[in-house]
Structures are given as structure tokens and as C-alpha cells.
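Welcome! Let us walk through this structure together, starting with a sheet and then stepping back to the whole chain.

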Amino acid sequence: MRITRRTLLGTSLAASLAPRLALGADAPLRAQVAQVRLAPEGYPATDLWTYDGGVPGPAIRVPQGGRLSRLLVNDLPQPTTIHWHGIRLPNAMDGVPGMTQAPVAPGESFAYDFAAPDAGTYWYHSHFRSLEQVARGLSGPLIVTEAEGAPEVDRDEVIHLSDWRLSDTAAIADDFGHPHDLSHAGRLGNFVTANGQSELRYQARQGERFRLRLINAAPARIFELRLQGLSGWVVAVDGMPLDAPTAIGQIFVGPGQRVDMLVDVTADPGDEAFLLEIDRGEGFSLASFAVAPGGGTPRRPAPAALPANPGQTPLGLSDARPVPLAMDGGAMRGLSQAVWKGRTLDGRSLAMEGQFWAFNGIVGMGDAPLIEAAIGETLRIPIANRTAFPHAMHLHGHHFRELRADGSLGLWRDTILIDPGQTREIVFLADNPGDWMFHCHMLSHHAAGMGTWIRVV
Ligand code: C2O
Ligand code: CU
């Protein structure tokens with residue numbers, strides 16, 4: 001039988017991973033191959049690349065201002081590194097091989113140690129051949145808990161979303177270089193999991209308030225989500241609190257993005273509430289909540305905003321330097337020519353190298369950064385998506401805001417989803433010295449040319 005979403009999403013997967021021990025400071029985080037029961041009953045276990053033997057990797061929790069220190073031990077058959085997505089950390093801890101550190105060879109280890117200045121929901125993942133290594137399982141949640149002013153909730157739950165491409169035998173399909181994925185919407189899977197399960201099951205009480213921390217760890221899938229029997233507010237995106245909580249309607253979460261929601265269980269006792277993924281007009285349950293009588297009031301007052309993070313500093317727009325970024329390439333709008341590794345090549349020659357996308361006419365990292373910024377400089381990047389596909393642009397080491405056409409500022413983010421034909425402008429303060437990647441988090445696109453970098457000196 002062919003594994004498809006359709007057949008699998010109807011199935012409830014009882015199998016769950018054995019409880020995992022909390023890690024202490026300096027504890028190893030072991031990148032290792034492990035057999036995990038991912039697909040439902042009747043399918044064999046899947047060989048995955050994991051942190052500490054499970055998917056997702058262990059949820060690492062650090063108090064705001066505290067240090068995260070983990071020794072990456074590489075037991076994989078390939079080199080690897082860890083990128084701590086969304087954390088404003090010293091450049092040497094950013095985990096970009098060939099840029100901030102050497103790849104960690106099989107059998108070797110690397111000590112990551114840094115402070116976490118901003119509270120919120122983050123994640124960690126491999127940044128070495130990330131298209132392959134994340135698709136094989138190498139990601140996990142990273143939660144920085146508020147030093148003070150944490151919202152009052154009954155439950156605080158992480159929902160780590162993954163999108164797997166499984167073969168008929170529930171193995172990870174190893175077609176990572178497939179030109180169609182590289183040049184279209186990226187590697188979309190056929191099996192979605194939340195915390196490694198096809199459906200998470202919670203026991204809840206009517207009136208309970210949950211904090212749900214959604215993390216999109218998929219290589220390319222944009223999740224469209226909806227709530228049923230739950231109602232509430234978005235309180236933070238990409239770790240950064242909103243000025244005011246906004247009522248939840250439809251939720252789009254691009255690859256690499258996170259959304260923190262406070263939701264109240266409004267379904268009647270005996271009913272079920274759901275977090276649904278909407279896919280081609282149909283709803284699939286990612287998480288269900290069996291509702292018992294609570295005694296709480298089903299409708300509670302709106303929450304206050306989360307305390308602002310130190311990273312959310314005022315931006316001086318008047319002297320911000322604009323550096324435009326034009327995205328080109330991909331299927332339907334193929335590159336006629338672009339520069340790759342210092343040579344100008346036509347689209348056909350680039351395609352033979354597995355390269356399909358360019359930023360400002362340059363494919364891949366190039367020799368020079370997109371921007372060389374002085375510390376303390378404010379930068380504006382209008383990003384023009386001239387391709388036929390959405391892209392999820394992620395800036396390392398910094399958070400940015402959108403600068404809207406009317407001059408107002410949007411949410412603080414580290415990853416922005418840009419639809420075809422759109423130009424979206426971001427603005428940020430370059431205050432973290434070092435070389436920082438700026439790339440599409442659709443990992444197939446990144447592998448096929450959509451990555452550049454910014455130098456802050
Ligand atoms: Cu989440 Cu450069 O990555
Ligand atoms: Cu992209």
C-alpha cells in the first residue's frame with residue numbers, strides 16, 4: 001500500500017515515544033540514527049536521524065537570561081551542526097558550517113554555550129545539508145521561559161510540526177536532489193506529525209486555558225491551521241510578543257516560523273476540540289482535546305500582552321539604509337542567466353548543477369555579503385518575490401519588523417513568508433557582530449541557490 005496523507009490521517013496513532021529524561025546543563029545532545037515508530041500500525045519503524053533517539057529532539061527549556069549549554073555529539077554518518085533558530089546569540093554559536101564553525105565530523109563533538117536573552121518559542125535544527133538532515137528528523141523545540149510576567153495558563157504545550165516524505169515501506173524517501181522539488185514548492189511530504197505523532201491527544205476540561213506553542217519544522221510545507229472548540233489569541237510570533245493579543249482566525253505558519261497562542265477550551269463536556277490543518281479545503285486533526293466538565297467559565301477575559309523582549313527595541317527609520325533584494329528563478333520564471341561561484345551561467349547549465357534561484361542575480365552565497373553593515377546601523381530590505389512560489393526568508397542572529405507600504409511597522413519576526421508577486425520590506429537594527437545567513441527556509445530552495453549573508457562589523 002502506498003502511504004498517503006489521506007489513508008494515514010484517518011488513523012489514530014496510539015504509539016507514543018517513551019518519556020524522555022530532562023537534560024541538565026552541559027549534557028550531551030547526541031545526533032544519532034534511531035529506529036522510530038512514525039507511521040501507523042502495520043508499517044515498519046523508520047530509520048530517522050534524531051537528537052537523543054526521538055523525533056522531535058528533546059524540548060530544551062532555558063529560563064530567559066539563562067545559559068543554554070549542550071555538547072553536540074555526532075554519531076551520524078555525515079558531518080553536522082546545530083543552528084538555534086531565532087536566538088540572538090554570539091556568531092560563533094550560530095551553527096552555520098563553513099561560516100561560523102567547521103562542520104562537526106562523525107565521531108566528533110562541539111560545545112554550544114550561550115545566553116538566551118529573549119523569552120519565547122524557538123527551535124533548533126541541523127544546518128549542515130539541512131534539506132536532507134532536517135527531512136531525516138534533526139530538529140527540536142527550544143523554549144525560553146519568561147523571567148517574569150509569564151501568562152497564567154493551565155497548560156503549556158509545545159506542538160512541533162513535521163512533514164515527512166515516506167516510501168511504501170515507511171522509509172525516508174532519499175530523493176533530496178529531486179529537481180522538481182528544488183525548482184517548485186520544495187520538498188513536501190506525505191505524512192504530517194505533531195510531536196512525532198499523527199495526532200496528539202490531550203485530555204482537557206471545559207474552560208481550561210492552554211498556551212500552545214506551534215513550531216513549523218517542516219522542510220517546505222506552509223501550514224494553514226484552524227481551531228475548533230477552542231478560541232483564543234495569538235500572543236507571540238517567532239518568539240516575539242505582540243503589542244496586543246489578536247483574536248485567532250485562520251493561521252498560516254511558514255517553514256521556520258512559530259506562533260504562540262493562548263486558547264480556551266470552549267467545546268462542551270463530552271465533545272472534542274481540535275487543532276486542524278486545512279489542506280485543499282479539508283480539515284485534518286493535528287491535535288484533539290477530549291473535553292471533560294471543568295467548572296471553569298468557558299469564556300474568560302482576554303489575556304494581557306506578554307512582556308516585551310529586550311530584542312524589541314525602537315527602530316530608527318529615518319536614517320535606515322535601503323538594500324533591495326530581488327528573488328528570481330524557479331519553475332515558470334526560470335533564470336535566463338545568473339552568477340554562480342563567480343561564473344555567469346545560463347539557466348540550463350545552472351539546472352544541471354541543481355541550482356534554480358538567485359538573489360540579485362547571484363545564485364548561492366557568493367563571495368561578498370549582501371550587506372556589510374556597521375554595528376548600530378538600521379537596514380531596510382525590500383524583498384521582491386518575482387518568482388511563482390512563496391518563500392520564507394529567515395535572518396540569523398536578529399529579529400526584524402515589516403515596514404508596511406503606509407509606513408507602519410508590522411510584527412517582530414525572524415522568518416517572513418512572501419507570496420509570489422509581493423514585495424515585503426523588512427527593517428532591523430544590525431547590532432550583533434558577525435556573518436549572518438539570510439536565506440529561504442524552504443530548504444529545497446536554500447539548497448538550490450536561495451541563500452545570502454550579511455556582515456555586521
Ligand atoms: Cu532555521 Cu538558517 O535556519
Ligand atoms: Cu523559497
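In what order do the strands of the open sheet of four strands lie? The order is E2-E1-E4-E6, and the pairing is mixed. Helices (H or I, at least four residues) and strands (E, at least two) are DSSP runs, numbered from the N terminus, and two strands pair if DSSP finds at least two bridges between them. Strands E2 (46-51) and E6 (109-115) are at the edges with a single partner strand each, so one side of each has no neighbour in the sheet. From one strand to the next, the twist averages 25°; axes here are lines fitted to C-alpha atoms, for helices over the stretch in contact, and angles run from 0 to 180 degrees between N-to-C directions.

Before going further, a word on the source. This is a predicted model, in which local features need pLDDT of at least 70, side-chain atom pairs count only at pLDDT 80 or more, and totals for chains, interfaces and linings use all residues. Residues are numbered from 1 along each chain as its sequence is written, while chains are lettered from A and ligands numbered from 1 in the order in which they are written.

Now look at single pairs of strands. Strand E1 (residues 28-36) runs antiparallel to E2, and six bridges join them. Ala31 sits opposite Tyr51 in E2. Further along, strand E22 (residues 337-340) and strand E23 (residues 343-346) are antiparallel and joined by four bridges. Gln337 has Asp346 of E23 as its bridge partner. E22 and E23 make a hairpin with two residues between them, and Lys341 in the turn has a positive phi of about 50°.

Stepping back, the chain is divided into domain 1 (5-145), domain 2 (158-292) and domain 3 (321-456), with bounds from an automatic or database domain assignment. Between domain 1 and domain 3, the C-alpha centres are 26 Å apart. Eleven residues of domain 1 are in contact with 13 residues of domain 3, where contact means that the C-beta atoms, placed from the backbone, lie within 7 Å.

How far can you trust the picture? The chain has a mean pLDDT of 93, with 93% of its residues at 70 or more; pLDDT is the predictor's confidence in each residue, from 0 to 100. Over residues 1-22, however, pLDDT stays under 50.

Definitions and conventions. Contact = placed C-beta atoms within 7 Å.
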